[in-house]
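Take a look at the model shown here. The report below walks through its main features, one topic at a time.

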Amino acid sequence: MEPVIAWHTEHVYFNQLLGVLLRQVDLFHGGGQPNYELMQDIISYLRDYSDRVHHPREDVAFARLALRCPDLKLVLARLEQEHRVIAQAGEALSELIQAVIGGAVIRRAELETAAATYLVYYGNHIAKEEEDVLARAAKELTVEDWEAVRNAVPVIRDPLFGRDTADRYRELRRQIALAT
Ligand SMILES: [Fe+2]
Ligand SMILES: [Fe+2]
C-alpha cells in the first residue's frame, strides 16, 4: 500500500475508535451506564498501537519533512509535541477508567473532563495532520524517507485492525462493526 494511504487509513481507524469512545462518554453524560471495559480497550489500543507505532513513525516523517518544507516547521513541531500530550492524556484517562472498573468512586466531572480533553485533542490532532501534512508528505518524501519512517520502530502487527484481531480486542472489533 502507498505509505500515505496506509497513514490515512490508520487515521480513519483512529477516528472510528474515537467515535465509539464519544458515544460511551455521551451515555455517561446523559446519566447512563457506559461500557467501561470497552472504553478501556479503546484507550489501551491507542496507547499500544498509536503511541508506540503510529506516533514514532510520524515523528520521523515530520523530521524529514521539516528539512524539505521549512514553511511546515512550526506546524510539525507542534504536532510532535502533541504526541506527548496525547500519551499523557491517554494515561490519565486510562487510570481513571481503571479505577472505576476497580470499584473506586470517581467524580463524574473528573472523568468527563479527562475523556473530553482526550477526544477533542486527539480529533483535532488527526484533522490537522490530514489537512496540513499528508499531501505534502506524499509529494516531498522519498523512498528512502519512507523506509526510515517504517523502520522507526520494529514492525508489529496491528492487534485490532490487522489481519487477525487479537483475542482481547474481539469485542471492540464487533462494536466498531456495529457503529460503522
Ligand atoms: Fe500524530
Ligand atoms: Fe497521525
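## Ground rules

A residue counts as buried under 20% relative accessible area, as exposed over 50%, and as partly exposed in between, with a 1.4 Å probe and protein chains only. By that rule Phe161 is buried, at 9% relative accessibility.

This is a predicted model, in which local features need pLDDT of at least 70 and side-chain atom pairs count only at pLDDT 80 or more, while totals for chains, interfaces and linings use all residues. Residues are numbered from 1 along each chain as its sequence is written, chains are lettered from A and ligands numbered from 1 in the order in which they are written, and side-chain values use heavy atoms, with hydrogens and water left out.

## Aromatic pairs

Rings of Phe, Tyr and Trp (its six-membered ring) pair if their centres lie within 6.5 Å. Planes under 30 degrees apart count as stacked, over 60 as edge-to-face, and the rest as tilted. This rule gives eight aromatic pairs. One of them is Tyr13 with Phe161, a stacked pair at 3.9 Å centre to centre and 0° between the planes. The two residues are 148 residues apart, so the pair links distant parts of the chain: Tyr13 sits in helix α1 (residues 3-29), and Phe161 in the loop between α5 (143-150) and α6 (170-179). Helices (H or I, at least four residues) are DSSP runs, numbered from the N terminus. Tyr13 is partly exposed, with a relative accessible area of 25%.

Tyr45 and Tyr49 also stack, because their ring centres are 5.7 Å apart and their planes meet at 15°. Both belong to helix α2 (residues 36-68), where being four residues apart puts about one helical turn between them. Tyr45 is buried at 0% relative accessible area, and Tyr49 is buried at 4%. Ring pairs join Tyr13, Phe14, Tyr45, Tyr49, Phe161 and Tyr169 into a cluster.

## A charge over a ring

Which residue lies over the face of Phe28? Arg108 does, at 4.1 Å from the ring centre. The rule asks for NZ of Lys or CZ of Arg within 6 Å of the ring centre and within 35 degrees of the ring normal.

Donors are N, O and S atoms within 2.8 Å of the metal (3.2 Å for Na, K and Ca). Water is not among the atoms, so sites may look incomplete. The iron ion (ligand 1) is coordinated by Glu58 (OE), His83 (NE2), His125 (NE2) and Glu129 (OE), at 1.9 to 2.1 Å. Along the chain these donors follow the spacing E-x24-H-x41-H-x3-E.

The angles among the four donor atoms run from 83 to 175°, and the site is irregular. Four donors count as tetrahedral if all angles lie between 85 and 135 degrees. Four count as square planar, and six as octahedral, if opposite donors are over 155 degrees apart and all others between 65 and 115; anything else is irregular. His125 and Glu129 are four residues apart in helix α4 (residues 108-140), about one helical turn. His125 is buried at 0% relative accessibility, and Glu129 is buried at 0% too.

Which residues coordinate the iron ion (ligand 2)? They are His11 (NE2), His54 (NE2), Glu58 (OE) and Glu129 (OE), at 1.9 to 2.3 Å. Their spacing in sequence is H-x42-H-x3-E-x70-E. This arrangement is irregular because its four donor atoms subtend angles of 76 to 165°.

His54 and Glu58 both lie in helix α2, four residues apart, about one turn of the helix. His54 is buried, at 3%, and Glu58 is buried, at 2%. How far apart are the iron ion (ligand 2) and the iron ion (ligand 1)? They are 3.2 Å apart, and Glu58 coordinates both.

## The largest pocket

A pocket is an open set of points on a 1 Å grid over the protein atoms alone, where a 1.4 Å probe fits, with protein on both sides within 12 Å along at least five of seven lines. Lining residues have an atom within 4 Å of a point. The volume is the space filled by probe spheres set on the points, which are joined across faces, edges and corners.

The largest pocket holds about 690 Å³ of space. Its lining has 21 residues, and Ala6, Trp7, Glu10, Tyr49 and Arg57 lie nearest its centre. α1, α2 and α5 each supply at least two residues of the lining. The largest share, six residues, comes from α1.
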